[in-house]
Amino acid sequence: MRSIWNGAISFGLVSIPVKLVNATESHAVSFRQVHTEDNGRIRYRKVCELEDREVTQSEIGKAYEGADGEMIPITEDDLSHLPLPTARTIEIVAFVPADRIDPLQMDTAYYIAAAGAPAAKPYTLLREALKRSHKVAIAKFALRGRERLGMLRVVDDVIVLHGLLWPDEVRAPEGVAPDVDVTVRDKELDLADALMDTLGEVDLDDLHDEYREAVEEVIAAKAAGETPPEAPAPADGGKVLDLMAALEKSVREARESRGGEGEAEVRNLHGRGTPKETGARKSTSKAAAKKTAGARKSTSRAGESKGAAKKAASKSTSRAASKSTSKATEQKASAKKAAEKKAAEKKAPAKKGAASGKRSA
């Protein structure tokens, strides 16, 4: 990696020759300005307003514009005579706990590399001292024409310099917070806490720039003469009318996305008892259970009465059938007896006539 600054760290009477290397880089997709009719590049030319002609870099200098518009020229020679002891030195002024640094002040980060073998021993000494003290070093240094505030800390086995904004460069957050009185209920805090626990932690190495990847896909598709992929339909927006419902749904979806099952469990904060809403739900569920049990009992009773009625009907039907069968049997028997009686009566006169003929012979 190419160094962007060479100097030394001033640590009391100890001087450590070092060089700075950019610790971060941007992966954002950059675009060029073009003429939409023919895709010709649009370029900015440096033109002198008085002469109305383009000038070269060697003809360009610095000036400060006054309140009345007057240009006050400032040369590099003027700046070189400034009383700036940190021109080539990272001057450590104090060691403080890391939590004393407001993240709002954090700016660009640089790796500090030891410049040569002689710097290895004092470099390692400062690094180990920072590790053992669990503190960071506050320093002043000059870079790109201005003095800056910085913080030195250890990352792995490397000392890192974070540029810091000066305290007067951080704006006060006046008028930013809501100016209306809002009451947050304990149940809402419970759900927010449950959502935070459900989301849990994340490995920052797993996060990536999805927007940049989508832009690269569009560029690749157009370069290949293909139709760019269509963006998915945006989620339905709108105002959150019910904060509790939104929190409960968020907890439920977060648990489902992490393979959880069942409803979200809400933990009470500050050792408070069960909210009134829970009691109301319990009483409602009990009443519903009672109604269900009563309905089941009435249904079973109705079933029993229907069964009894069916049994009674079948008994009466069998009795009637047996009675009609016995009557038919009796009628058949009486008819049979009558027929036998008539047959006997017919035979009797024939026998009498035959007897009288024998006697007369």
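**Exercise 1.** Classify Phe-95 as buried, partly exposed or exposed.

*Solution.* Take the cut-offs first: buried is under 20% relative accessible area, exposed is over 50%, and partly exposed lies in between (1.4 Å probe, protein chains only). Phe-95 has a relative accessible area of 35%, so Phe-95 is partly exposed. Phe-11, at 23% relative accessibility, also counts as partly exposed.

The model is predicted: local features need pLDDT of at least 70, side-chain atom pairs count only at pLDDT 80 or more, and totals for chains, interfaces and linings use all residues. Residues are numbered from 1 along each chain as its sequence is written, and side-chain values use heavy atoms, leaving out hydrogens and water.

**Exercise 2.** Find how many aromatic pairs there are, and state what Phe-11 and Phe-95 tie together.

*Solution.* Apply the rule: rings of Phe, Tyr and Trp (its six-membered ring) pair if their centres lie within 6.5 Å; planes under 30 degrees apart are stacked, over 60 edge-to-face, the rest tilted. The count is 1 aromatic pair. Phe-11 and Phe-95 form an edge-to-face pair, 5.8 Å centre to centre with 70 degrees between the planes. Now place the rings. Phe-11 lies in strand β1 (residues 3-11) and Phe-95 in strand β7 (residues 89-97), so the pair ties together parts 84 residues apart in sequence. Strands (E, at least two residues) and helices (H or I, at least four) are DSSP runs, numbered from the N terminus.
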